[in-house]
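Have the structure beside you while you read along.

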Amino acid sequence: MSKKDSSKPWRPFTTNCCTVEDQTVFGNFSRCRPTRSQFSKNIALPSFRRLSFSDLSSSTASSTKINEDLSAHTFGSSLHVFQLSELRAITQGFSSNFLLGQGGFGTVHKGYIDENLRPGLKAQAVAVKLLDIEGLQGHREWLAEVIFLGQLRHAHLVKLIGYCCEDEERLLVYEFMPRGSLENHLFKRLSVPLAWGTRLKIAIGAAKGLAFLHGAEQPVIYRDFKTSNILLDSDFSAKLSDFGLAKMGPEGSDTHVTTRVMGTYGYAAPEYVNTGHLTTKSDVYSFGVVLLELLTGRRSMDKTKPKSEQNLVDWARPYLTSSRRLRCIIDPKLGGQYSVKGAREMASLALQCVSLNPKPRPRMPVVIDVLEGLQNLRDMAITCGQWSTTPKTNRSGVNVKGRREGRTGTHWKPSPVAPTRHS
Ligand SMILES: Nc1ncnc2c1ncn2[C@@H]1O[C@H](COP(=O)(O)OP(=O)(O)OP(=O)(O)O)[C@@H](O)[C@H]1O
Ligand SMILES: [Mg+2]
């Protein structure tokens, strides 16, 4: 299996070394990395009817035991268990020609499945994600993904078709999303610019995915909402992927869950970073950041920019309250083809979402309502005379056209938050 690029972001790995998730945090990351032998410890998953994230905390079971436990649960029956040799065959040996992308988890390859592989399996393209066992994420995130996506089905969540757990290998098989990630469309240099209406459609789809998670009987906090985790169908319908960091929301009278801080720089809510207190409003903050990325075409965190412009929220905040100033930060790739009113409303929504105080952040159903209300607006800036065809400069004198975008290391180490509860 190919190894991940050493410059890639990473997340702390806890499952196989920390006895209680989010409570025991080793200062030295290397102590948290699982050894191969730890994967073979025969500790079973707990027995349960509805599997929850907390059930994962001590799961360092053998692959045989994990497969048995997973398939014993109702959701297990809706997932296919694949053999490594099968997944190798459908991706031409995980060939680089079939490479779809690479993240902190490992590489993702395209493959094809049909009923020759399993009777009744619909012939379709799939995306096969390989866990990089030497990497900095691991079995725990793999298991979280299987458990969450095995139980949650929704039009705006990517469908998990199956998994593979063989010895120390961990893989996931998803439906293939033909248009890849929103990140690629917004930031890859050669990508065709996304039209205003498409951006709105993507924002609404992703908002519906989050609203579904937050509105579940046992709310789920997604914790990793960002453009690379928003995948796009052929018609630009958005689906959320990557549930490795997802967490069950607070229960009973609890207002939040406390957990060590994991996620991606630039997207995480300040109160979560500062205190480890996680609520559904933390996801709303991240949603606001993605709205700003859609509006401006800038990354949430861009180390290639001058210091004052690196953090998108900090940089954009003063521009969001006035239409005149807002014009200066709208993605130049839109070429003036955006609704002036729509952009204003979206900016004001984004501002509420990224509010420093979580309370005034709107709930996701409200976000959906606001965004859906913008879909029919046709007051394009270019026809309203609000778009200059000559390059503009922003306050810092930086030419806003032809900017350089660069992917930066985005994940952070756990902060020294003292956890009070885990789930
Ligand atoms: N189901 C899928 N269909 C098509 N492409 C996919 C699919 N899943 C992932 N990809 C592609 O693979 C890339 C890597 O995905 P992955 O989730 O491993 O990492 P990431 O989201 O970029 O980073 P991180 O590990 O921080 O979440 C995605 O950006 C996307 O382009
Ligand atoms: Mg991802």
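Predicted model: local features only at pLDDT ≥ 70, side-chain atom pairs only at ≥ 80, totals over all residues.

**Entry 1: Ser228**

I began with Ser228, which touches Ser181 and Glu183 once residues up to four places away in sequence are set aside; contact means heavy atoms within 4.5 Å. Ser228 sits in the loop between S7 and S8. Its relative accessibility is 19%, so Ser228 counts as buried. For that label I used under 20% relative accessible area as buried, over 50% as exposed and partly exposed in between, with a 1.4 Å probe and protein chains only. Strands here are DSSP runs of E with at least two residues, helices are runs of H or I with at least four, and both are numbered from the N terminus.

**Entry 2: ground rules**

Residues are numbered from 1 along each chain as its sequence is written, chains are lettered from A and ligands numbered from 1 in the order in which they are written, and side-chain values use heavy atoms, with hydrogens and water left out.

**Entry 3: the magnesium ion**

Which protein atoms are donors of the magnesium ion (ligand 2)? I found Asn229 (OD1) and Asp242 (OD), lying 2.0 Å from the ion. Asn229 is in the loop between strand S7 (220–221) and strand S8 (230–232), and Asp242 is in the loop between strand S9 (238–240) and strand S10 (247–248), so the pair ties together parts 13 residues apart in sequence. Donors are N, O and S atoms within 2.8 Å of the metal (3.2 Å for Na, K and Ca), and water is not among the atoms, so sites may look incomplete. Asn229 is buried at 3% relative accessible area, and Asp242 is buried at 14%.

**Entry 4: ligand 1**

Next I checked the 22 residues around ligand 1, of which Gly104, Lys129, Met177, Lys226 and Asp242 come nearest; a residue is near if one of its heavy atoms lies within 4 Å. The shell divides into 8 nonpolar, 9 polar and 5 charged residues. Ala, Val, Leu, Ile, Met, Phe, Trp, Tyr, Cys and Pro count as nonpolar, Asp, Glu, Lys and Arg as charged, and the others, Gly among them, as polar. Strand S2 (99–102), strand S4 (124–130) and S6 each supply at least two shell residues, and S2 gives the most, with 3.

I then listed N and O pairs. A backbone N or O atom of Glu175 lies 3.0 Å from a nitrogen atom of ligand 1. A side-chain N or O atom of Lys226 is 2.6 Å from an oxygen atom of ligand 1. The protein covers 97% of the 610 Å² of accessible area that ligand 1 has on its own, by the Shrake-Rupley method with a 1.4 Å probe.

Lys239 is in strand S9, and at 10% relative accessibility it counts as buried. Its side chain makes a polar contact with the side chain of Glu175 at 3.2 Å (N or O atoms within 3.5 Å, one able to donate a hydrogen and the other to accept it). Beyond four places in sequence, Lys239 touches residues including Met177 and Asn229.

Phe176 lies in the loop between strand S6 (169–175) and helix H5 (182–187). How far apart in space are Phe176 and Gln124? They are 8.0 Å apart, C-alpha to C-alpha, and 52 residues apart in sequence.
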